[in-house]
Amino acid sequence: MSFIAKQKKTPITVYLIGDSTISIKETKANPETGWGMPFKYFFDNTVTVDNRAKNGRSTRTFIEENLWQPVSQALKAGDYVFIQFGHNDEVATKKSYTTEKDYRANLERFISETRARKAQPVLITPAARRKFDAAGKIEETHQVYAAIVREVAKKQQVPLIDLDQKSQELLQQYGPEFSKKLFLHLKANEHPNYPDGKEDDTHFNELGAREMAQIVLAGIKDLKLELAERVVKPTLKK
């Protein structure tokens with residue numbers, strides 16, 4: 001009995017904070033899918049995945065709109081906060097634009113406030129956009145802001161999942177044409193939500209979201225986070 005009691009895990013929550021590449025989508029957006037949607041199915045019943053990511057948010061607007069503070073206040077020891085921003089921080093023409101200095105400071109704030117609650121921050125570089133050069137080689141689309149995430153992770157000694165690099169590698173494997181199958185690429189009248197069709201190289205469909213979620217899961221295992229011990233194990237048939 002003591003062995004069984006020792007093995008019992010305390011329930012924890014994994015909070016996801018970020019932008020539209022992670023967020024839960026409304027029905028009217030289908031088949032657009034954030035990678036946080038399939039991610040929640042990876043874990044056993046001791047884990048609650050609480051996806052707080054919102055479309056269009058940057059680190060700055062996530063804080064200004066009071067989206068971060070409820071997460072910070074709800075954290076308890078053993079919880080995780082997965083942090084992935086950049087798409088909306090880095091574009092100077094967007095209202096969500098965040099300077100490099102402020103982006104770094106905001107990431108550091110998420111980290112310090114998470115640690116203050118004895119929870120574990122995990123930094124994630126932004127998922128790659130689908131962009132290939134004329135020779136069919138994947139192009140870097142988050143160079144500056146992804147580098148800042150890596151620098152902050154190193155300086156603050158925070159676990160890092162390099163989704164930017166890994167998703168670039170995945171898109172390169174798929175190639176310029178076949179990689180469209182991971183994104184919101186629809187012909188006219190192919191889906192009732194998009195009668196005029198859609199060509200979106202940032203947002204994923206269900207397959208793309210699952211591929212991104214699998215990269216994050218592999219990162220959890222590679223980092224040997226305690227969370228990896230809570231991944232659902234397949235039931236072996238006797």
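This is a predicted model: local features need pLDDT of at least 70, side-chain atom pairs count only at pLDDT 80 or more; totals for chains, interfaces and linings use all residues.
Residues are numbered from 1 along each chain as its sequence is written, and side-chain values use heavy atoms, with hydrogens and water left out.

Let me begin with the whole chain. There are eight helices and seven strands, where helices (H or I, at least four residues) and strands (E, at least two) are DSSP runs numbered from the N terminus. The radius of gyration, taken over C-alpha atoms, is 18 Å, close to the 18 Å that the globule rule gives for 238 residues, so the chain is as compact as a globular protein of that length; the rule itself is 2.2 Å times the number of residues to the power 0.38. Buried residues make up 50% of the 238, and by buried I mean under 20% relative accessible area, with exposed being over 50% and partly exposed in between, using a 1.4 Å probe and protein chains only. If we take contacts, meaning heavy atoms within 4.5 Å, between residues at least 6 apart in sequence, then 74% of them join residues at least 24 apart.

Is Glu90 buried or exposed? With a relative accessible area of 18%, Glu90 is buried. Its side chain makes a polar contact of 2.7 Å with the side chain of His142, a polar contact being a pair of N or O atoms within 3.5 Å, where within protein one must be able to donate a hydrogen and the other to accept it, and residues adjacent in sequence count only if both atoms are side-chain atoms. Beyond four places in sequence, the residues that Glu90 touches include Tyr97, Arg129 and Tyr145.

Next comes Phe42, found in the loop between α2 (36–39) and β2 (47–51), and buried at 14% relative accessibility.

Finally, Gln156 belongs to helix α6 (residues 143–156) and counts as partly exposed at 25% relative accessibility. Setting aside residues up to four places away, Gln156 touches Glu108, Ile111 and Arg115.
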